[in-house]
Amino acid sequence: MSKRKMKLIRFDWAIKKLLRHKANFDILEGFLSVLLSEAITIKQILDSESNKETEDDKHNRVDILVENSTGELIIIEIQNSKEYDYFHRILFGTSKIITEHIKQGEPYASVRKVISITIAYFDLGQGEDYVYHGTNSFKGIHKGDVLSLAERQKELYEKEEVYQVFPEYWLLKVQKFDDTIVQDKLDEWIYFLKNGEVKEEFTAKGLSEAKERLDEMKLSKKERLAYEKYLDELREIASKNHTKDADAKKLIEQGIEQGKREVQNRAIQMAIDAIKDDFFLCSAQ
């Protein structure tokens, strides 16, 4: 008998329902440790005005706000469909988190470090890679040097570089990932995010736990019904988006055809007018 191919729960639904429990922190810790290339320990999952769901986007976007053991705040956001102003939304999200987590009257030195991670299931921006990392630095326009912290600042704030003060951004464009080329531990995680599958040979931190606990067959009846409803709603959103795209394409095609006809009609009218002018000119002579 062939071995059953294990079907795992989508990561976005797992974040909404399962990975917020302390017993499952090790799955998220594994993902964050591999992505950020450092050992991450989750202190707690926080609630924020920025990551509360609304009726419009509760199925399209999934947020989780994590505080790690060093006090950094990590936003993990999963986005399923295209939004042209998504970069602006990421900026708003990090800014909101910063202002929510500093108390009135505290010095600016109390501003928390924020790391924003987007797992995008659409082609965000224009680029060929599937993992992008953005940090903030200041480069001299005359000397070309990168501005650094003074020694006293390093002592006071326990940071080595200016960029460590500012938010940083990770963008994972999952659909750009080539399934046939898995080069490292991060690729193993992205393969899982894209396909909902953990291969036998994968050894990235957190994936064995994900494989064990996110098995769809292990859901309770209530959880299974909720999960299937979530999948149906995602399919409905995808279908509506497909219909809108098809309608928009048809309107564009009709507009182009109408434009061509108008150009042709104008050309015919100009030719007729030219013939008339020639006729009247010849008659006058």
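I began with a definition: buried means under 20% relative accessible area, exposed means over 50%, and partly exposed lies in between (1.4 Å probe, protein chains only).

This is a predicted model, where local features need pLDDT of at least 70, side-chain atom pairs count only at pLDDT 80 or more, and totals for chains, interfaces and linings use all residues. Residues are numbered from 1 along each chain as its sequence is written, and side-chain values use heavy atoms, with hydrogens and water left out.

**Entry: Glu-197**

I looked up Glu-197. Is this residue buried or exposed? I found a relative accessible area of 18%, so Glu-197 is buried. Its place is the loop between helix H5 (185-195) and helix H6 (207-213). Helices (H or I, at least four residues) and strands (E, at least two) are DSSP runs, numbered from the N terminus. I then checked its side chain, which makes a polar contact with the side chain of Tyr-191 at 3.5 Å. A polar contact is a pair of N or O atoms within 3.5 Å; within protein, one must be able to donate a hydrogen and the other to accept it, and residues adjacent in sequence count only if both atoms are side-chain atoms.

**Entry: Phe-192 and the cores**

I listed what Phe-192 touches, not counting residues up to four places away in sequence. Glu-197 is in the list, along with Leu-8, Phe-11, Val-198, Leu-207, Ala-210 and Leu-214. Contact here means heavy atoms within 4.5 Å.

Next I looked for nonpolar cores. Such a core is a set of buried Ala, Val, Leu, Ile, Met, Phe, Trp, Tyr and Cys residues joined through side-chain atoms within 4.5 Å. The largest has 50 residues, and Phe-11, Ile-119 and Phe-192 have the most contacts inside it. H2 gives the most to this core, with eight residues. Another core, of seven residues, lies apart from it; Leu-65 and Ile-97 are among them.

**Entry: helix H2**

How many residues of H2 are buried? I found 11 of the 12, so H2 is largely enclosed by the rest of the structure. Among the buried ones are Phe-25, Glu-29 and Leu-36. I also checked the span. At 1.5 Å a residue, H2 should span 16 Å, and its end C-alpha atoms are 16 Å apart, which agrees. The expected span is 1.5 Å times one less than the number of residues.

Ser-37 follows H2. Its phi is near 60°, a positive value in a residue other than glycine. Ser-37 has 67% relative accessibility, so I noted it as exposed.

Glu-158 has a positive phi too, near 55°. I placed Glu-158 in the loop between helix H4 (151-157) and strand S6 (168-173). At 73% relative accessibility, Glu-158 is exposed.
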